[in-house]
Amino acid sequence: MTLLHWTLPLPAGYRRDDVIAFHSRDGEAVAEQVTETGLRKGILLQGVPVVLDVAFTDAAAICQADIDGDADLQTPLHGALLNILGLRIDPQPFAQLAAGDPLLAPLVSVNPGLRIVQSASPFEALTWAIIGQQINLPFAISLRRTFILQAGHRHGSGLWCYPEARDVARLEIEDLTSRKFSRAKAETVLRLARLVDEGELSLELPPSGDVAAISQALLAVKGIGPWTVNYALLRGYGYADCSLHGDVAIRAALQKLLGEVTKPDMARTEQWLRQYAPHRTMAAAHLWASLHPKNNPPARE
């Protein structure tokens, strides 16, 4: 066992409750456990089970990685921490852009410092997007839990770790369909995992940070469409300019914002969001939040 420690300074106004809420979606807490002031999350890195333990203070996140082994994982672990703590996208540039906007400025004012909390890895974000699409949230959470228990690994502490592509690639389609996965979902998840595991699809961003190549590669995978790609860019890579015009909740929020009788279609929503480039991800975050004024944006979103 290896223990690594970090202290990550947190920006002023950091909303730790949003982060804790995002990671508390599974009430059975098989892979994530939360308290009022912290969280624990199990992940696999290079096949090694790791538990990330985060305790929040007013100004910092005190982080510990409990590694089942002695692998050198410091760099990827630091990246995973930035993801799960929502520290990839600075919300201030969008707040400045929207400051004079008569529609979005009021949304920003009621949710100052709102951030995008991410999955620990692009693969986790992609598989969650596939699993959760077009079903209700409780059922999606149940399928995700089954998926973790089938393909993940258990850390020495007892917490389960979200699987990597190599673990999922070993499953057969019946392993998933027998656990209430639709055949289409099961095929897409296994297809993605096997392409990644066999080296035919890379989920690594180039040094330039350009997402175009990954977007095109993902769209070429049968069963993965524009919504899934944009969700993965948002939750997996922390890309600041995702256009979520295909998201039903975004269109519902825009309908509410504009005071219209019907939801705008995808083409009109895409055109409307374009004015907020290159900060469309944060525009989406505030639209989501506007549907739930008394709570945080749902974990599904």
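## Lining of the largest pocket

Helix H2 (74-84) gives the largest share of the lining of the largest pocket, five residues. The model is predicted. The space in this pocket comes to about 910 Å³. Other elements that give two or more residues to the lining are strand S3 (38-45), H5, helix H7 (165-169), helix H9 (183-197) and helix H11 (226-237).

In total, 30 residues line the pocket. Nearest its centre lie Leu45, Ser121, Pro122, Leu203 and Glu204. By type, the lining holds 16 nonpolar, eight polar and six charged residues.

## Helix H2

H2 has these buried residues: Leu77, Gly79, Ala80, Leu81, Leu82, Asn83 and Ile84. Their cover includes strand S1 (2-9), helix H1 (16-22) and S3. It also includes strand S4 (48-56), strand S5 (60-67) and H11.

After H2 comes Gly86. The phi of Gly86 is positive, near 70 degrees.

## Gln118

Gln118 sits in the loop between helix H4 (105-110) and helix H5 (122-132). Gln118 counts as buried because its relative accessibility is 0%, and the cut-off for buried is under 20%.

A polar atom of the Gln118 side chain lies 3.4 Å from the backbone oxygen of Gly236. Beyond residues up to four places away in sequence, Gln118 touches Phe22, His23, Asn83, Ile84 and Arg88, among others. Its contacts also include Leu234, Arg235, Gly236, Tyr237 and Gly238. Asn83 and Ile84, both touched by Gln118, are among the buried residues of H2.

Technical notes. Residues are numbered from 1 along each chain as its sequence is written. This is a predicted model: local features need pLDDT of at least 70, side-chain atom pairs count only at pLDDT 80 or more; totals for chains, interfaces and linings use all residues. Side-chain values use heavy atoms; hydrogens and water are left out. Helices (H or I, at least four residues) and strands (E, at least two) are DSSP runs, numbered from the N terminus. Buried means under 20% relative accessible area, exposed over 50%, partly exposed in between (1.4 Å probe, protein chains only). A polar contact is a pair of N or O atoms within 3.5 Å; within protein, one must be able to donate a hydrogen and the other to accept it, and residues adjacent in sequence count only if both atoms are side-chain atoms. Contact means heavy atoms within 4.5 Å. On a 1 Å grid over the protein atoms alone, a cavity is a set of points where a 1.4 Å probe fits but cannot get out, and a pocket is an open set with protein on both sides within 12 Å along at least five of seven lines; lining residues have an atom within 4 Å of a point. Grid points are joined across faces, edges and corners, and a volume is the space filled by probe spheres set on the points. Ala, Val, Leu, Ile, Met, Phe, Trp, Tyr, Cys and Pro count as nonpolar, Asp, Glu, Lys and Arg as charged, and the others, Gly among them, as polar.
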